[in-house]
Amino acid sequence: MKVAIGGPLKLAFRPWVEGLENIPAEGAAILASNHLSFSDSFFLPAVLDRKVTFIAKAEYFTTPGVKGRLTAAFFKGVGQLPVDRSGARGAGEAAVKSGIEVLERGELFGIYPEGTRSPDGRLYRGKPGGLARVALATGAPVIPVAMIDTEKIQPPGKVVPKLMRPGIRIGKALDFSRYQGMEGDRFVLRAVTDEVMYEIMKLSGQEYVDIYATAAKRQITEAAKAEKEAEKAAKAALAQAAKEQQEQAEQAGQREQ
């Protein structure tokens, strides 16, 4: 990662970084970041001297075919951990288990509290299942991180990335030892998550939206679908009106004859 990807990535995009001094030289810590782009998991590790382990959706590791095998090999090579997001609890349980294992080795664990990429560049409500439970179960400090402009480099659907400088702001570590042993209290989990999201909001300057990003994606998808259906209905109505007008014109012509 550092040699084959990190070096060329920094050379090509020249990301600017603030707050590197907030990353501990050793020991366990959680990096909690906003999530704007697929590339977030590469830019952040590229600018750090230490290894960062993120969780990635299991589909990246199980897709069939040559492309799927290459993708799986790539993600394994850069230290990504597969997480099965299916089931009633989704990625929460898998994220907790994976995060605890990484932190118990004294390493850096990266997680996106929003649970998925922002659909529109705004900051969405953090999910309390993974981040807060890992932090309280391990006692590891939480370091808020803000990715800046990474969504502009390669928006969803774009194959060729745009060469521009993204930014990374790293905040001071947050200590939640006062809640140690309370990872079963949902109100505590919510409070911890909200505190982290507030710090990310201050670092990123994003507009905060108090709903989950997954819900926002559904709303956007449903709105787009409704718009397409409305356009289809409007075209059908116009076509029908044109047809009726043509029929009336033909009937009028026949009467004149």
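At what angle do helix α6 and α8 pack, and how far apart are their axes? Some notes on that and its surroundings follow.

1. Ground rules: this is a predicted model, where local features need pLDDT of at least 70, side-chain atom pairs count only at pLDDT 80 or more, and totals for chains, interfaces and linings use all residues. Residues are numbered from 1 along each chain as its sequence is written, and side-chain values use heavy atoms, with hydrogens and water left out.

2. The helix pair. α6 (residues 131-138) and α8 pack at about 105 degrees, with axes 8 Å apart. That makes α6 roughly perpendicular to α8 (65 to 115 degrees counts as such). Axes here are lines fitted to C-alpha atoms, for helices over the stretch in contact, and angles run from 0 to 180 degrees between N-to-C directions. Helices are DSSP runs of H or I with at least four residues, strands are E runs of at least two, and both are numbered from the N terminus.

3. Who touches whom? α6 brings Leu131, Ala132, Arg133 and Leu136, while α8 brings Val188, Leu189, Val192, Thr193 and Val196 (contact means heavy atoms within 4.5 Å). By class, that is seven nonpolar, one polar and one charged residues; Ala, Val, Leu, Ile, Met, Phe, Trp, Tyr, Cys and Pro count as nonpolar, Asp, Glu, Lys and Arg as charged, and the others, Gly among them, as polar.

4. Threonine 193 deserves a look. Threonine 193 sits in α8 (residues 186-204) and is buried, at a relative accessible area of 0%. Buried means under 20%, exposed over 50% and partly exposed in between, with a 1.4 Å probe and protein chains only. The threonine 193 side chain reaches the backbone oxygen of leucine 189 at 2.8 Å. Leaving out residues up to four places away in sequence, threonine 193 touches Gly126, Lys127, Pro128 and Ala132.

5. Back to α6: six of its eight residues are buried, including Arg133. Just past this helix, glycine 139 has a positive phi of about 75 degrees. In α2 (residues 40-47), eight of eight residues are buried, among them Asp40.

6. Now the sheet. Seven strands form an open, mixed sheet ordered β1-β8-β7-β2-β5-β3-β4, with β1 (16-18) and β4 (81-83) at the edges. α6 lies across β2, β5 and β7, at about 165 degrees to β2, and α8 lies across β2, β7 and β8, at about 35 degrees to β7.

Technical notes
Polar contact = N/O pair within 3.5 Å; in protein donor to acceptor, adjacent residues only side chain to side chain. Parallel < 35°, antiparallel > 145°, perpendicular 65-115°, else oblique. Pairing = 2+ DSSP bridges.
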